[in-house]
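Me: Hi! I have a new structure open here. Could you walk me through it?

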Amino acid sequence: MPDQPIFELAIERHFNAPPVRVWERMTGKLAEWWSPRPWTTEVTALEWRAGGPFNMIVRGPGGEQIETIGVLLEVIEGRQITFTDAFASGWFPRPAFMVGQMTIEPDRDGTRYRALARHWDRAALDEHRQNGFEVGWGAAADQLEQLVEA
């Protein structure tokens, strides 16, 4: 644990599906659950490996467009994905907002899903919260739940 505060936001869910199914949907159908509807996600570059690109464009119903350029820091098959916007593919530094992580693990008769965002400082955490972290990431988790329990 670092000697400095951890500026973290997180959500958790229990899915009534085995971890292998959650992992398959989480990674194989990312564009279908990543953005809260009616927003959509276009995956522009993605390689499920440490150092792989994690790039997408999220589009809103009013023509809004948010491009994310990032890199996967760690991929533990069937268990965890860690990503950041602090680098582009090839480890090129970028202005950073957060490190994100999604983990799954067996939980009773299903899967425990946890998604978190860690920020460099309190201001970034507060900005993310004010921009709707809990609602947005919660809606995405609910959409993933629909995919894995269908």
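**Pocket and rings**

Reply: Happy to! The largest share of the lining of the largest pocket, five residues, comes from α4. This is a predicted model, where local features need pLDDT of at least 70, side-chain atom pairs count only at pLDDT 80 or more, and totals for chains, interfaces and linings use all residues. Residues are numbered from 1 along each chain as its sequence is written, and side-chain values use heavy atoms, with hydrogens and water left out.

Me: What volume does the largest pocket have?

Reply: About 910 Å³. A pocket here is an open set of points on a 1 Å grid where a 1.4 Å probe fits, with protein on both sides within 12 Å along at least five of seven lines; lining residues have an atom within 4 Å of a point.

Me: And which residues lie nearest its centre?

Reply: W34, I66, T68, H128 and W137, out of 30 lining residues. By class, that lining has 19 nonpolar, seven polar and four charged residues.

Me: New topic: how many aromatic pairs are there?

Reply: Eight. Rings of Phe, Tyr and Trp (its six-membered ring) pair if their centres lie within 6.5 Å; planes under 30 degrees apart count as stacked, over 60 as edge-to-face and the rest as tilted. F54 and F83 form a tilted pair, 4.8 Å centre to centre with 35° between the planes.

Me: Where in the chain do F54 and F83 sit?

Reply: F54 is in strand β3 and F83 in strand β6, 29 residues apart.

Me: Buried or exposed?

Reply: Both F54 and F83 are buried (under 20% relative accessible area, with a 1.4 Å probe and protein chains only). Ring pairs also link them with W33, W34 and W48 into a cluster.

Methods
Points joined across faces, edges and corners; volume = space filled by probe spheres on them. Helix = DSSP H or I, 4+ residues; strand = E, 2+ residues; numbered from the N terminus. Nonpolar A, V, L, I, M, F, W, Y, C, P; charged D, E, K, R; others polar. Buried < 20%, exposed > 50% of the residue type's maximum accessible area, 1.4 Å probe, protein only.
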